[in-house]
Amino acid sequence: MNHHKNIILQHFQLHETYLASETHPIVEKSAQNIERYAHSLGAEYKLLDGKPFMEDLRMQCQKLAMLNEEYDEYDTVVMLDSDMFIRKGMTENVFEAKGIACYDAVHKDRQHPHFCDMFPGYSDRNVQLWSGACYVLPREIRQTFRAQINPVTKAMMRKISPHPFVEEGIMHMLAVYGKLGYNVYDKCLDEKWQYSHYLPNVENCYMIHIRKKPYGDEDGLYGAKMKNYNELIDRGLIEA
């Protein structure tokens, strides 16, 4: 009998440009898909909005609400992007996955060095800059990260927030600041947990991350993602 109490969170807040509508179809589809998966594992689910972490950080950084004390009742908190989907037929349990997040080639070879160049005082080439589409955070790890939040690191967060690194850069900075290097968090999630839809062998992944590629900006971010979603439905890779 599994007595663990777990939750999957997602966060979505409309960009000012889109305030005319309440949400977007890709987010609604993702939330339904992920909530169904959470319940199949006996876990809870919640879609967050607004600014549940820090008022003066941009929207992507609000995923850091996953560290909030209000979730300390949960053994493991999983935070997913709002365009993530379970691959149809997938039987893996994300709460049993090993590692905080993925550390894929894009982050290893491009994002991490770029962040280190831009924020030399807040970074370390020997500590991962994780990809943030899927975080798996047991209670002790969440509390360790939260313990690093203080006026100094909050000021750092405000400096990182306007840049494309968003919460990924902040998580790296907190790991560096708390000396939480490879010695503590040396395991990274299998990339199958946040596999971009256009990559080869997508039928073998665990979670599909729908991007706007190959459609361009003429479809808009959400239009492009919905096209890809519908194609994945047609291919039988996502449950409608």
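1. Where is Asn201 found? Asn201 sits in the loop between strand E6 (195-196) and E7, where helices (H or I, at least four residues) and strands (E, at least two) are DSSP runs numbered from the N terminus. Although Asn201 is not a glycine, its phi is positive, at about 60 degrees. Asn201 counts as partly exposed because its relative accessibility is 47%, given that buried means under 20% relative accessible area, exposed over 50%, and partly exposed in between (1.4 Å probe, protein chains only).

2. On the basis of the values: this is a predicted model, in which local features need pLDDT of at least 70 and side-chain atom pairs count only at pLDDT 80 or more, while totals for chains, interfaces and linings use all residues. Residues are numbered from 1 along each chain as its sequence is written, and side-chain values use heavy atoms, with hydrogens and water left out.

3. Other backbone points deserve a look. Most residues other than glycine have a negative phi, and most peptide bonds are trans. Val166, in helix H5, has a positive phi near 35 degrees, and Val166 counts as buried because its relative accessibility is 8%. The peptide bond from Lys213 to Pro214 is cis, with omega near 5 degrees, and Pro214 lies in the loop between strand E7 (207-209) and helix H6 (220-234).

4. Helix H2 (residues 105-118) has 14 residues, which should span 20 Å at 1.5 Å a residue, and its end C-alpha atoms are 19 Å apart, which agrees; the expected span is 1.5 Å times one less than the number of residues. Even so, H2 has a kink of about 35 degrees at Gln111, shortly before the proline Pro113, the bend being the angle between axes fitted to the seven residues ending at a residue and the seven starting there. His107, Gln111, His112, Pro113, Phe115 and Cys116 are buried in H2, and the buried residues of this helix pack against helix H4 (151-160) and helix H5 (166-177).

5. Helix H1 (residues 25-40) has 16 residues and reaches 23 Å from its first C-alpha to its last, close to the 22 Å expected. The buried residues of H1 are Ile26, Val27, Ser30, Ala31, Asn33, Ile34, Tyr37 and Ala38. Just after H1, Gly42 takes a positive phi of about 75 degrees.

6. Met84 belongs to strand E4 (residues 84-86) and counts as buried because its relative accessibility is 0%. Leaving aside neighbours within four places in sequence, Met84 is in contact (heavy atoms within 4.5 Å) with residues including Ser30, Ile34, Trp193 and His209. Met84 and Arg58, 26 residues apart in sequence, are 20 Å apart in space, C-alpha to C-alpha.

7. The count comes to 1 cavity of 30 Å³ or more, where a cavity is a set of points, on a 1 Å grid over the protein atoms alone, at which a 1.4 Å probe fits but cannot get out, and lining residues have an atom within 4 Å of a point. About 40 Å³ of space lies in the largest cavity, the volume being the space filled by probe spheres set on the points, which are joined across faces, edges and corners. Lys29, Gln32, Asn33, Arg36, Phe85, Tyr229, Glu239 and Ala240 form the lining, and helix H1 gives the largest share, 4 residues.

Notes
1 Å grid on protein atoms, 1.4 Å probe; cavity = no way out; pocket = protein on both sides within 12 Å on 5 of 7 lines; lining within 4 Å.
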